[in-house]
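Please look over the sequence and the three-dimensional structure shown here before reading on.

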Amino acid sequence: MKTKAAVANTGNLIMTGVVLMLLGDLLFALNDAMGKWLMTSFAVGQVLVIRSLGAFIVLGPMIARQGPMALFRVEQKGLQFMRVAMATGDVALFYAAVAYLPLADVMTFYMAGPIYIAALSHFFLGEKIGWRRWLAVLVGFAGVVIALRPSTAMLSLPSLFGLAGSFSFALSLVMSRYLRSTSDTTLVTWQTVAALVTGIALSIGHWQPATPVDWSGMLLLGIVATCAHLLITRSLKLAPASLLAPLQYTLLLWAIVLGYIFFNDIPDTQIVIGAAIIVFAGLFIFHRKNLKETVPAEAVPPDGH
């Protein structure tokens, strides 16, 4: 009976993790749609400033519980700084891209993140990948090129913003693997501080008056993004990453739906084909990784950090 109860409890935890991941992805998609809406009227810097202040509404109690001094007790400070820079670049470049491109287009570039991670992990983390996964990486890159539209428009500034942002996102995740011992609160707090400082610098000379609805929208942007991050972090503590990782691709579906509902954006054929190739390559990489690797339970810290 105890064995059956334990299995049932494990199944419930896994299902909870799946639900939290799906909710987190939905909140991230809403965050992206809100960001696109705000970027039609306000500069990137102003949105980053108020978004960061909104994030501290959620982070404040977490920092108080952890203790403010814990934010300064971090190892590998150089790598911490690089991760914060990449995470800040990811957010700023995303908003810069989404101000000009349909939401689904930008999310297509970001869905290539797992493909970049697979390639970068080979060189920086010593995670050897076989020829099948290298082939999937190349196929994924081909999907990115198709989504970029092979023409002179391929080098348009918004497209390059999206491409650079997705690469920054991948680099920040790779560096996060090095920093697994650092608490989630510390990691998110420092990248929020960096986004705030960057926003202040970028908003000089570009600050626009806003209505209470606009201010509320920008604050809500930070709250939603932080809640999404925390939901996804919690989901990874309850269910295997190999099960949850493919669910990230629901972001692309939500981007298409929300883009159509709020902005009347309809993805063109090249975006759909490129997105399909990227998703296929990403899922194959996850599948091969699951076949090659297992993570022993004793390797996972008790608090999940």
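In this predicted model, L202 lies in helix α8, which covers residues 184-203. With a relative accessibility of 41%, L202 counts as partly exposed, because that class takes in values between the 20% limit for buried and the 50% limit for exposed residues. Leaving aside residues up to four places away in sequence, L202 touches V44, G45 and L48. Although L202 and L48 are 154 residues apart along the chain, their C-alpha atoms are separated by 9.0 Å.

**Helix α2 and its surroundings**

Helix α2 is made of residues 44-66, which are 23 in number, and at 1.5 Å a residue it should span 33 Å; the C-alpha atoms at its ends are 31 Å apart, which agrees with that expectation. After the helix comes G67, a residue whose phi is positive, near 100°.

Q46 is also found in helix α2, and its relative accessible area of 0% places it among the buried residues, because buried means a value under 20%. Which residues does Q46 touch, not counting those up to four places away in sequence? The contacts of Q46 are with G199, S203, H206, W207, Q208, W215 and M218.

**Positive phi in loops**

Two residues other than glycine can be described next. In the loop between α2 and α3, a helix that covers residues 77-98, we find Q76, whose phi is positive and near 50°; with 43% relative accessibility, Q76 counts as partly exposed. In the loop between α11 and α12, the latter covering residues 269-292, we find N264, whose phi is likewise a positive value, near 55°. Is N264 buried or exposed? At 59% relative accessibility, N264 counts as exposed, since the limit for that class is over 50%.

T108 has its place in helix α4, which covers residues 103-110, and it counts as buried at 0% relative accessibility. Not counting residues up to four places away in sequence, the residues that T108 touches are A147, L252, I271, A275 and I278.

V137 lies in helix α6, made of residues 131-148, and at 1% relative accessibility V137 counts as buried. Its contacts, again without residues up to four places away in sequence, are I115, A118, A119 and I285. For the pair V137 and I115, the separation is 22 residues in sequence and 5.6 Å in space, from C-alpha to C-alpha.

Helix α9 covers residues 212-238, and its 27 residues should span 39 Å at 1.5 Å a residue; its end C-alpha atoms are 39 Å apart, which agrees. The buried residues in α9 include D214, G217, M218, L221, G222, V224, A225 and A228. An α-helix has 3.6 residues a turn, so residues three or four places apart point the same way. With this in mind, a reader can follow the buried positions D214, G217, L221, A225, A228, I232 and S235 along α9 in the structure.

With a relative accessible area of 31%, V257 is partly exposed, and it can belong to a patch because patches are made of residues with over 30% relative accessible area.

The table below gathers the relative accessibility of residues discussed above.

| Residue | Relative accessibility | Class |
|---|---|---|
| Q46 | 0% | buried |
| T108 | 0% | buried |
| V137 | 1% | buried |
| V257 | 31% | partly exposed |
| L202 | 41% | partly exposed |
| Q76 | 43% | partly exposed |
| N264 | 59% | exposed |

**The chain as a whole**

The secondary structure of the chain comes to 12 helices and zero strands. Of its 305 residues, 46% count as buried, and the accessible surface comes to about 15,400 Å², of which carbon and sulfur atoms hold 72%. Among the contacts in the chain with a separation of 6 or more, 88% are accounted for by residues 24 or more positions apart. The pair L202 and L48, 154 residues apart along the chain, shows such a separation in sequence, and L48 is one of the residues that L202 touches.

Methods. Residues numbered from 1 in each chain as written. Predicted model: local features only at pLDDT ≥ 70, side-chain atom pairs only at ≥ 80, totals over all residues. Heavy atoms only, no water. Buried < 20%, exposed > 50% of the residue type's maximum accessible area, 1.4 Å probe, protein only. Helix = DSSP H or I, 4+ residues; strand = E, 2+ residues; numbered from the N terminus. Expected span 1.5 Å × (residues − 1). Contact = heavy atoms within 4.5 Å. Areas by Shrake-Rupley, 256 points an atom, 1.4 Å probe, with all protein chains shown as cover.
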